[in-house]
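Trainee: Could you go through this one with me? I'd like to start with a side chain and then move on to the disulfide and the strands.

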Amino acid sequence: MSCNKKILNFSSINSILAILRAKKYIIYKEPFKLNIIGVRNNLLNPKNFDDYIYVIYKNESNNWIGYRYNATTDPSTKYLIKGGFKDPNKGTAILPGGQYVDTWELGPHGQTGYTALRQQKNLCVYRDYNRDDILNFNIENKDCGKFGINIHRASAYSELENVGMNSAGCQVVQDPNEYKTLIFLAEQAKEQWGNSFTYSLMDQKTLDET
């Protein structure tokens, strides 16, 4: 399969940064301090890696650099039907759009132990209770806490076609090789700015309108 990382041009970077500014979100401009942004596809297909995760930062020459990775920001169909990861009675977690400041850190992902961006602060999620393959965003039904909503990869060996059991609400990068580059950038950022990362999530419709 082809590599899914895309190097962003200046226009694409500007479009994403313009949305962050319009929403009054924090934009990090210090060299190698990462802006990590998820963009959720309008079709809301929980089976596919049809969303994007962007990493945008300034290099040592004060120039913006940006990458795009194929990903999913949704729980998979299997978890929508099964229920929550730790407690199926709670329903499956769906991360709402928004900016989550200093909410992730580099650390081991679950029992597998490979390095991921791991939730370190409380956040609020929607819960999908009706056990079908359609994402339901019930804004009246939020659950707040530490649920292990991590930013991690799918397979360690290959670029999977379908999400399968790889997301119970996490933000998951499709290509394991490209995931390594994301973690490499995060490790560089950690050395300079500490082990704390911000993630912003928005809808594709918002990006299309810029």
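Trainee: Is Y179 buried or exposed?

Mentor: Y179 counts as buried, at 4% relative accessibility, where buried means under 20% relative accessible area, exposed over 50% and partly exposed in between, with a 1.4 Å probe and protein chains only. Keep in mind that this is a predicted model, in which local features need pLDDT of at least 70 and side-chain atom pairs count only at pLDDT 80 or more, while totals for chains, interfaces and linings use all residues. Residues are numbered from 1 along each chain as its sequence is written, and side-chain values use heavy atoms, with hydrogens and water left out.

Trainee: Which ring forms an aromatic pair with Y179?

Mentor: That is Y114, with the ring centres 6.1 Å apart and 85 degrees between the planes, which makes the pair edge-to-face; rings of Phe, Tyr and Trp (its six-membered ring) pair if their centres lie within 6.5 Å, and planes under 30 degrees apart count as stacked, over 60 as edge-to-face and the rest as tilted. Y114 lies in the loop between β6 (98-108) and β7 (115-119) and Y179 in helix α3 (residues 176-193), so the pair ties together parts that are 65 residues apart in sequence. Helices (H or I, at least four residues) and strands (E, at least two) are DSSP runs, numbered from the N terminus.

Trainee: And what sits over the ring of Y114?

Mentor: The charged end of R153 does, 3.6 Å from the ring centre, the criterion being NZ of Lys or CZ of Arg within 6 Å of the centre and within 35 degrees of the ring normal. Y114 is itself buried, with a relative accessible area of 16%.

Trainee: Switching to cysteines, which ones form a disulfide?

Mentor: C124 and C144 do, with their sulfur atoms 1.9 Å apart, a disulfide being a pair of cysteine sulfur atoms within 2.5 Å. The pair links distant parts of the chain, since C124 is in strand β8 (residues 123-128) and C144 in strand β9 (residues 142-145), 20 residues apart. The torsion about the S-S bond is about 100 degrees, so this disulfide is right-handed.

Trainee: How exposed is C144?

Mentor: C144 is partly exposed, at a relative accessible area of 47%, and C124 also counts as partly exposed, at 27%.

Trainee: What is the strand order in the sheet with β8 and β9?

Mentor: The open sheet has three strands in the order β5-β8-β9, with antiparallel pairing, where two strands pair if DSSP finds at least two bridges between them. Its edge strands are β5 (92-94) and β9, each pairing on one side only.
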